[in-house]
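Me: I'd like to learn how to read helices, interfaces and salt bridges in a model. Can you walk me through it?

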Amino acid sequence: MDLNLAPEDVAFAEEVRTFIDANLPDATRRAMTLTTAFLNEPELGYEWHKLLHKKGWSVPSWPDEWGGPGWTPVQKYIFDLESARAGAPVYNGQGSRMVGPVLMHFGTDEQKNKYLPSICSGEDHWCQGYSEPGSGSDLASLKTKAVADGDDYIINGQKIWTSFAHKSNCMFALVRTSTEGKRQEGITFILLDMDLPGITIRPIIGNGGDHEFNEVFFDDVRVPQSGRVGEENKGWDVAKYLLEFERGGALVAGRVRAQFAKVVRLIRDRGLIDDAHIRIRMAEIGADLDTMEMVDIRVLSDLQSGANPGAISSMLKMRWSSIRQEVSELALDAAGEDILKWEPERPLYDALQLPPDEEELLGIAPRYLNFRAYTILGGTNEIQAEILGKRVLGL
Amino acid sequence: MDLQRDTEHTLLADSAERMLSENYDFSARHGSPADQGDDAAWADDMWRQFAELGWLALPFAEEDGGLGAGMVEISILTEAFGRNMVVEPYITTVVLCGGLVAAIGTPEQRAETLPAIGEGALRIAFMGGAAGDISVDAAPSGDGYVLSGARKSVIDAPMAGRLLVPARIGEGIGVFMIDCDATGVTLRPHRTLDGGRAADVELTGVNVGRAQMLGGLEDASDAIEAAIDRTIAALSADAVGAMAKLVEETVEYTKTREQFGKPISKFQVLAHRLVDMKVSEEEARAVTTLAVLSADAPASKRRRAVSSAKSKVGRCARFVGQNAIQTHGAIGTTADLTIGSYAKRLMVYEASYGSTARHAELYAAIIADPDTAGAGLLLSPAA
Ligand SMILES: Cc1cc2nc3c(=O)[nH]c(=O)nc-3n(C[C@H](O)[C@H](O)[C@H](O)COP(=O)(O)OP(=O)(O)OC[C@H]3O[C@@H](n4cnc5c(N)ncnc54)[C@H](O)[C@@H]3O)c2cc1C
């Protein structure tokens with residue numbers, strides 16, 4: 001047992017780092033530092049994605065058949081870690097990390113050929129249409145209805161919390177195609193274009209000031225059945241498969257590390273390093289971070305050796321989301337009354353022209369507020385506890 | 001990078017767990033609180049079995065009569081000790097004192113000490129606490145030194161034949177090996193919170209020769225710190241074992257105890273608490289692995305890992321200990337169940353070799369450098 005990377009992996013990390021250093025523009029780094037939403041703006045990510053695409057690195061987890069680099073789990077981890085740590089933007093995880101793997105597994109050849117290349121190149125931007133006003137944690141209760149009509153479905157209903165629906169041209173959605181039998185057995189997984197007649201998008205502004213998610217209304221929207229993934233009424237199985245790809249540990253670890261280092265610097269700059277409360281919280285959060293990084297590495301080691309990491313993803317989700325919030329909270333405590341000044345315009349990096357330390361202060365309160373979402377989205381922490389209780393403890 | 005246990009690790013874990021769960025009678029070993037018995041004799045039979053299994057020689061080099069194993073093997077063993085509440089003086093004798101002799105002892109000191117430890121003929125206690133916590137002075141006298149000082153609750157001292165005494169020599173700290181029955185040494189034995197044995201030790205004008213000074217070093221501070229860090233890594237694995245048992249027993253209890261017409265595990269507030277306990281156990285295990293795998297790394301890396309682990313495992317231990325008791329209701333507060341004993345063991349963990357708060361402070365000082373705080377465990381930007 002050891003924590004040392006193989007020489008070829010160290011060399012790979014060096015290669016990734018060198019590439020990022022040479023190609024990631026300073027303006028993008030600044031924009032990422034001033035990003036307050038939980039995901040960066042797609043425009044920011046797209047420029048970087050195109051560069052990665054040229055290099056063959058745009059879809060790290062994909063097989064080379066579909067334009068992926070064919071990396072080992074360790075290489076993927078290193079790439080994510082280095083990217084996140086350097087402050088490289090992300091782009092359309094809903095495409096590359098969610099619907100992409102689903103299509104590779106369940107899609108027809110026609111669907112694969114139609115969608116995968118433009119996820120790889122970044123031309124398509126996807127959004128996820130799952131949640132509804134009445135269906136959050138209890139997703140299987142969803143009501144948005146799809147009725148077969150010739151070669152199409154006609155869809156009526158409403159989705160909500162749809163991240164970047166306003167910047168996406170494609171959506172994957174869960175819709176109800178049957179009300180008989182078990183609720184899970186009447187759900188269908190469907191792909192659709194966002195410019196279809198009858199789709200209306202209404203923005204929802206977050207408490208941190210960012211426009212990230214939306215309401216999406218469907219009013220007699222005619223969607224070709226060729227966009228259905230898997231069989232009719234079997235969409236729940238597809239959705240469950242997709243859940244396995246929502247993990248994304250290294251991206252989180254790298255990002256939280258980088259943010260933590262920034263907060264430590266802030267604490268020092270503000271002369272708070274000997275403040276008893278701040279210091280103990282800093283130590284606790286730092287140790288929490290070390291701990292979860294070790295859990296990540298264990299999962300990676302399991303994957304590398306072909307072992308099954310088991311039901312650990314719920315624990316990763318629970319703890320990482322909380323640690324992210326704690327880091328943002330530590331920044332809040334360190335900033336003191338400097339959080340009072342509020343800049344309403346978003347993105348902050350377009351609104352501001354200030355010295356770096358001053359503009360960074362303006363991101364702290366919005367980020368703290370937006371980061372409350374981490375323990376809610378993608379299955380709340382209470383739901384993760386339900387899963388762990390059942391699967392791990394047999395409760 | 002590889003965190004998988006290999007076949008030998010699994011064999012060691014299985015055989016240790018089997019041997020201890022079958023042969024190690026917790027209540028007999030801990031005795032009743034009134035029983036003051038003969039502390040040394042009390043340890044002998046189990047200790048012989050440990051020797052026969054090769055456990056006492058595990059970490060020593062082959063030329064010192066050892067098996068040449070590392071911290072991973074030690075931690076596998078101590079995790080099993082934690083699960084089974086072993087109170088034998090393994091960690092102090094083998095990991096801490098044996099480790100220190102192995103690290104800096106002269107060839108003569110090693111030859112005279114380590115094979116004897118490995119065979120089960122010699123046990124040594126450590127008359128010190130956290131690194132830098134020194135309570136004995138060594139005054140030069142003729143060819144040697146005179147030791148004086150006192151320390152409360154020297155863990156395992158009543159079961160030991162010798163003491164390793166870290167002592168101030170001017171600016172430095174030397175380590176002296178003395179017999180427990182040497183002139184000027186007084187031991188006042190007592191029980192410890194977790195059913196173990198300790199003694200308040202007083203040294204009044206104990207004469208020692210230079211040959212008793214480990215490695216002939218007038219300053220062994222770095223080696224002491226390293227040995228204590230290895231000890232903390234081994235103890236953390238012990239705490240993980242104790243936590244795992246507490247979580248198992250508490251989960252089991254909630255599935256059988258019924259109130260309001262159903263098992264109490266069906267109440268969501270308890271179910272989620274059990275999950276939080278399990279998560280704490282897994283966190284403690286993960287960060288302990290960090291300490292174990294960093295125990296032989298260069299000092300800066302090792303210090304960061306060990307204080308991170310001690311502070312984090314301490315927090316997890318307190319959470320698991322408290323909630324195991326709460327979730328059992330009144331029966332959880334009695335001396336009748338083993339969960340109370342596990343909770344005590346975790347209290348001892350927290351208080352040993354620097355408290356949770358003390359290590360949080362040490363860790364804070366290390367990560368107060370933003371570059372260190374930002375360095376990942378697998379790859380640091382400078383790596
Ligand atoms: C920033 C952000 C982005 C999002 N992006 C998307 C997106 O792109 N696409 C999409 O489809 N959805 C998205 N979501 C929605 C997200 O998936 C839901 O918010 C989530 O599933 C929870 O549903 P809910 O908000 O309706 O809360 P509810 O389910 O109403 O939960 C309210 C509270 O009750 C608790 N609760 C619910 N059930 C239980 C139970 N059985 N036991 C104990 N406690 C329970 C919850 O934990 C929570 O604390 C996003 C959400 C956020 C915050």
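Predicted model: local features only at pLDDT ≥ 70, side-chain atom pairs only at ≥ 80, totals over all residues.

Me: Which residues of α3(A) are buried?

Reply: Buried means under 20% relative accessible area, exposed over 50%, and partly exposed in between (1.4 Å probe, protein chains only). For α3(A) the buried ones are A:P42, A:L44, A:G45, A:W48, A:H49 and A:L52. They pack against several elements of chain A, including α1 (7-23), α4 (73-86) and α6 (109-121).

Me: How do I read the interface of chain A and chain B? How much area do they bury between them?

Reply: The size of an interface is often given as the accessible area lost when the parts come together. Buried area here is the accessible area (1.4 Å probe) that two parts lose on being put together, summed over both. Chains A and B bury about 4700 Å² between them, 65% of it on carbon and sulfur atoms. A:M1, A:L393 and A:L395 supply 17% of the area chain A buries against chain B, more than any other three residues. With contact meaning heavy atoms within 4.5 Å, the interface takes 53 residues from chain A and 52 from chain B.

Me: How many salt bridges cross that interface?

Reply: Side chains of opposite charge can pair when their charged atoms come close. The rule asks for a side-chain nitrogen of Lys or Arg within 4 Å of a carboxyl oxygen of Asp or Glu. It finds 7 salt bridges across the interface of chain A and chain B. One example joins A:D288 and B:R315 at 3.1 Å, N to O.

Me: And inside one chain, what does a salt bridge tie together?

Reply: Take A:E82 and A:R17, whose side chains meet at 3.1 Å, N to O. A:E82 lies in helix α4 of chain A and A:R17 in helix α1, so the pair ties together parts that are 65 residues apart in sequence. Both A:E82 and A:R17 are buried.

Me: What about pairs within one helix?

Reply: An α-helix has 3.6 residues a turn, so residues three or four places apart point the same way. A:R298 and A:D302 form a salt bridge with the closest N and O atoms 3.8 Å apart. They sit 4 residues apart in helix α9 of chain A, so about one helical turn separates them. A:R298 is partly exposed at 28% relative accessibility, whereas A:D302 is buried at 7%.

Me: Which residues are linked with these in a network?

Reply: A:R298, A:D302, B:R5, B:E79, B:K278, B:E281, B:E282 and B:R285 are linked in a network of salt bridges.

Terms used
Residues numbered from 1 in each chain as written. Chains lettered and ligands numbered in written order. Heavy atoms only, no water. Helix = DSSP H or I, 4+ residues; strand = E, 2+ residues; numbered from the N terminus.
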